[in-house]
Amino acid sequence: MLISARAFMFVAKGIKIAAMDIVHLNGQLLPADQAHISVFDRGFLFGDSIYEVIPFYQSKGFRLEEHIQRLEHSLRAIQIHTDVDWNRLLDELVAANGGGNLSVYLQVSRGASEGRSHQYDGDLTPTIFACCKPIKDIYADGPDSVQGIAAIVTADLRWHRCDIKATGLLPNILVLQQARQAGAAEAILIRDGVLTEGASSNLLWWKTVCFIHRNPVQRFLAE
Ligand SMILES: Cc1ncc(COP(=O)(O)O)c(C=O)c1O
């Protein structure tokens with residue numbers, strides 16, 4: 001069982017905890033400044049870890065099942081095995097932080113080895129960490145109120161297994177900094193002439209498709 005009582009106790013006692021201070025670490029909910037991991041954690045030493053980011057609007061996970069499936073895909077791809085109930089972990093964390101509109105960051109590392117060694121034993125206990133931050137629902141005032149942002153287009157320097165959401169985001173950090181220095185907010189990545197992704201976002205296109213009726217039996221699809 002996840003220990004949520006402890007986090008709520010701090011609030012009940014009237015001790016001030018800023019919203020978002022409650023994190024999940026290895027089955028416990030606790031104030032962020034009391035959450036500690038080993039310096040030999042492989043996520044810290046090697047980036048031997050994966051993550052997910054899941055927006056919650058009015059305390060409901062956005063495309064929650066798809067995010068959990070992608071998390072499980074990343075875990076399988078790097079052979080980390082856990083039997084965590086992700087839905088429950090996320091719900092308890094969101095509730096402990098007051099609910100509403102939150103972005104949940106969830107990270108699973110392979111765990112801590114004895115000392116630093118590239119190779120690992122299969123019996124390590126994964127480190128499971130999650131935290132939240134408040135987000136704005138940018139669609140709350142309707143799609144017309146959404147503001148655009150400036151972006152640069154730059155080379156995609158990331159590794160070749162971007163289907164695994166690995167925490168080693170140095171290429172993303174470097175290009176985002178490059179974007180910032182150019183007065184932009186995002187970097188759109190290009191590899192072999194193909195736009196792949198944003199440094200911290202997805203790329204989606206709307207293609208307008210309409211039917212033109214030339215006659216009752218003949219239909220053309222035009223873009
Ligand atoms: C590098 C990166 N790209 C894209 C995204 C957007 O992910 P999503 O498919 O959940 O919108 C994220 C957020 O997790 C990210 O960290």
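**Figure 1. Bridge partners of strand β6 in the predicted model.** Ser103 has Lys133 as its bridge partner in β6. The model shown here and in the other views is predicted. Gln107 is likewise assigned a bridge partner in β6, namely Phe129. The strands β5 and β6 run antiparallel and are joined by eight bridges.

**Figure 2. The pairing of β3 with β5.** These two strands pair in the antiparallel sense, and the pairing covers eight bridges. One of the residue pairs to look for is Phe56 with Leu102, the latter being the bridge partner in β5.

**Figure 3. The open sheet of six strands.** The strand order is β2-β1-β6-β5-β3-β4, and the pairing is antiparallel. Which strands stand at the edges? They are β2 (residues 28-31) and β4 (residues 60-61); each has a single partner strand, so one side of each lacks a neighbour in the sheet. The protein chain as a whole comes to five helices and eleven strands.

**Figure 4. The largest nonpolar core.** This core holds 20 residues, and those touching the most other members are Leu90, Leu93, Val94, Val104, Ala130 and Cys132. Two or more core residues come from each of β1 (22-25), β3 (49-57), α4 (86-96), β5 (102-109) and β6 (127-134). Apart from this core lies another, of six residues, including Leu176, Ala179, Ala187 and Leu189. Over the protein chain of 223 residues, 20% are buried.

**Figure 5. Contacts of Ala130.** Which residues does Ala130 touch, leaving out those up to four places away in sequence? They are Val23, His24, Leu89, Leu93, Val104, Tyr105 and Leu106. Leu93 and Val104 are, with Ala130, among the residues that touch the most other members of the largest nonpolar core. For the protein chain, 65% of the contacts between residues at least 6 apart in sequence join residues at least 24 apart.

**Figure 6. Helix α3 and the residue after it.** Helix α3 covers residues 64-77, which is 14 residues. At 1.5 Å a residue the helix should span 20 Å, and its end C-alpha atoms are 20 Å apart, so the two values agree. Just after α3, Gln79 takes a positive phi of about 60°.

**Figure 7. Two loop residues with positive phi.** Most residues other than glycine have a negative phi. Asn26, which is not a glycine, has a positive phi of about 50°. Asn26 belongs to the loop between β1 and β2. Arg63 is not a glycine either, and its phi is positive at about 45°. The loop that holds Arg63 runs between β4 and α3. Are these residues buried or exposed? Asn26 is partly exposed, because 14 other C-beta atoms lie within 10 Å. Arg63 has 11 C-beta neighbours inside 10 Å and therefore counts as exposed; the cut-off for exposed is 12 or fewer.

**Figure 8. Residues around the ligand.** The ligand has Val53, Asn172, Glu197, Ser200, Ser201 and Asn202 around it. By class, this shell is made up of one nonpolar, four polar and one charged residues.

Technical notes:
Residues numbered from 1 in each chain as written. Predicted model: local features only at pLDDT ≥ 70, side-chain atom pairs only at ≥ 80, totals over all residues. Near = placed C-beta within 6 Å. Nonpolar A, V, L, I, M, F, W, Y, C, P; charged D, E, K, R; others polar. Core = buried A, V, L, I, M, F, W, Y, C linked by C-beta atoms within 7 Å. Helix = DSSP H or I, 4+ residues; strand = E, 2+ residues; numbered from the N terminus. Contact = placed C-beta atoms within 7 Å. Expected span 1.5 Å × (residues − 1). Pairing = 2+ DSSP bridges.
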